[in-house]
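Please look over the model shown here.

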Amino acid sequence: MTERQQIVKTNALCYNCLAKNHRSMFCRSSMRCGNCKGRHHTLMCSRIVTPSTNREETITATTHVEAAKEQMIWLSTAQVLVCSEDGEEMPARALLDQGSQSNFISERLVQLLRLRKRRLARPLSGIGAVAVKAESVVTAIVRSRIADFTATLQCLVLPKVTADFPFRTRDTVKWNIPVGVTLADPTFFKSERIDMLIGAELFAELLKHGQIRIAHHLPKLLETRLGWIVSGPQLMLSILHQEFWIIGARSVVKKVFNQCIRCFRCKPKPTEQPMGDLPKCRVSEAKPFAVSGVDYCGP
């Protein structure tokens with residue numbers, strides 16, 4: 001604990017959100033310590049938490065914050081085809097979550113596809129250690145709409161996977177997405193129902209090497225086997241947090257994205273033509289021939 005506090009103090013970080021340029025008393029974050037609910041980060045807490053003696057296996061799943069924010073945090077979604085046991089295909093909207101250990105499917109989609117459920121009683125642990133239980137599991141075959149890719153997933157059945165995402169429809173008319181790019185979810189900006197959640201088990205297989213930076217203030221487009229997905233720095237943070245905990249990681253990731261030379265060359269900022277200092281009579285409205293002159297030296 002002393003070593004952590006020394007690192008925070010040396011780097012002049014906030015004790016509450018571990019970010020720079022402000023102190024904890026001026027921190028705008030609403031997060032509190034998960035142990036004592038104090039105004040500091042859980043890693044800075046000196047209270048010793050007694051480990052649980054319950055050995056029951058727990059599956060960890062992540063979720064998204066539904067609070068309205070000025071800066072939109074984009075989560076990756078894709079439209080896929082889910083096959084029933086009879087071979088019938090039905091379109092579904094899936095949320096790609098690198099931080100989830102399991103795959104989930106809504107009860108509504110299970111009923112529409114008439115998938116066979118198997119009994120299962122297993123607790124799920126999410127944000128804030130909120131525990132719920134999944135009572136059944138199904139086998140779902142997921143197929144890409146645009147590529148020859150099929151995967152068989154074991155999905156836990158929930159009454160509702162998560163809230164509609166995004167929480168409200170966004171205007172993306174000025175995004176200037178390149179022509180010829182096939183989005184995995186063409187309606188990613190519309191607030192619609194989430195039918196499935198695809199976790200880390202399949203996420204690594206979906207990723208390809210293509211990347212497109214639309215603008216410095218907009219999320220990136222990543223190429224997958226399901227199409228191009230919209231994703232911001234949170235995707236990179238999720239991957240990093242699986243092995244490392246970097247102090248101020250969000251600002252570091254944003255800095256790397258903004259300094260990418262390849263992205264800068266593909267999407268440079270247009271320059272504005274400066275206007276010269278013209279006389280007032282040249283830029284003011286006037287009636288024709290209100291000011292006229294005679295050229296005595298002309299032909």
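The report below goes from the whole chain to strands, then to single residues.

**Basis**

This is a predicted model, in which local features need pLDDT of at least 70, side-chain atom pairs count only at pLDDT 80 or more, and totals for chains, interfaces and linings use all residues. Residues are numbered from 1 along each chain as its sequence is written, and side-chain values use heavy atoms, with hydrogens and water left out.

**The chain as a whole**

The chain has 7 helices and 11 strands. These are DSSP runs numbered from the N terminus: helices are H or I with at least four residues, strands are E with at least two. Of the 299 residues, 36% are buried. Buried means under 20% relative accessible area, exposed means over 50%, and partly exposed lies in between (1.4 Å probe, protein chains only). The accessible surface is about 20300 Å². Carbon and sulfur atoms hold 54% of that surface. Areas come from the Shrake-Rupley method with a 1.4 Å probe, and for residues only the protein chains shown count as cover. Take the contacts between residues at least 6 apart in sequence: 59% of them join residues at least 24 apart. A contact means heavy atoms within 4.5 Å.

Strand 4 covers residues 103-106. Asn103 and Ile105 point one way from strand 4, while Phe104 and Ser106 point the other way. All four are buried. In a regular strand, side chains alternate between the two faces of the sheet. Strand 4 pairs with strand 7 and with strand 8. Two strands pair if DSSP finds at least two bridges between them. The table lists these pairings and one other.

| Strands | Bridges | Direction |
|---|---|---|
| 4 and 7 (residues 150-158) | 4 | parallel |
| 4 and 8 (residues 196-198) | 2 | antiparallel |

Asparagine 103 has cysteine 155 in strand 7 as its bridge partner. Isoleucine 105 is bridged to methionine 196 in strand 8.

Three strands form an open antiparallel sheet in the order 9-10-11. Strand 9 (207-213) and strand 11 (227-231) are at the edges, each with a single partner strand, so one side of each has no neighbour in the sheet. From one strand to the next, the twist averages 30°. Axes are lines fitted to C-alpha atoms, for helices over the stretch in contact, and angles run from 0 to 180 degrees between N-to-C directions. Leucine 222 has isoleucine 229 in strand 11 as its bridge partner.

**Loop residues**

Serine 84 sits in the loop between strand 2 (77-83) and strand 3 (89-96). Is serine 84 buried or exposed? Serine 84 counts as buried because its relative accessibility is 6%. Leaving out residues up to four places away in sequence, serine 84 touches Leu113 and Leu115.

Alanine 19 lies in the loop between helix 1 (2-10) and strand 1 (59-60). Its relative accessibility is 26%, so alanine 19 counts as partly exposed. With residues up to four places away set aside, alanine 19 touches Ala12, Leu13 and Cys14. Glycine 248 is 229 residues from alanine 19 along the chain, yet their C-alpha atoms are separated by 5.4 Å.

**A surface patch**

Met275, Leu278 and Val283 form a nonpolar surface patch, with about 330 Å² of accessible area together. Valine 283 belongs to helix 7 (residues 280-283). At 56% relative accessibility, valine 283 counts as exposed. Patch residues have over 30% relative accessible area and no salt bridge; like charges are joined within 9 Å, nonpolar side chains (Val, Leu, Ile, Met, Phe, Trp, Tyr) within 5 Å. A salt bridge is a side-chain nitrogen of Lys or Arg within 4 Å of a carboxyl oxygen of Asp or Glu.
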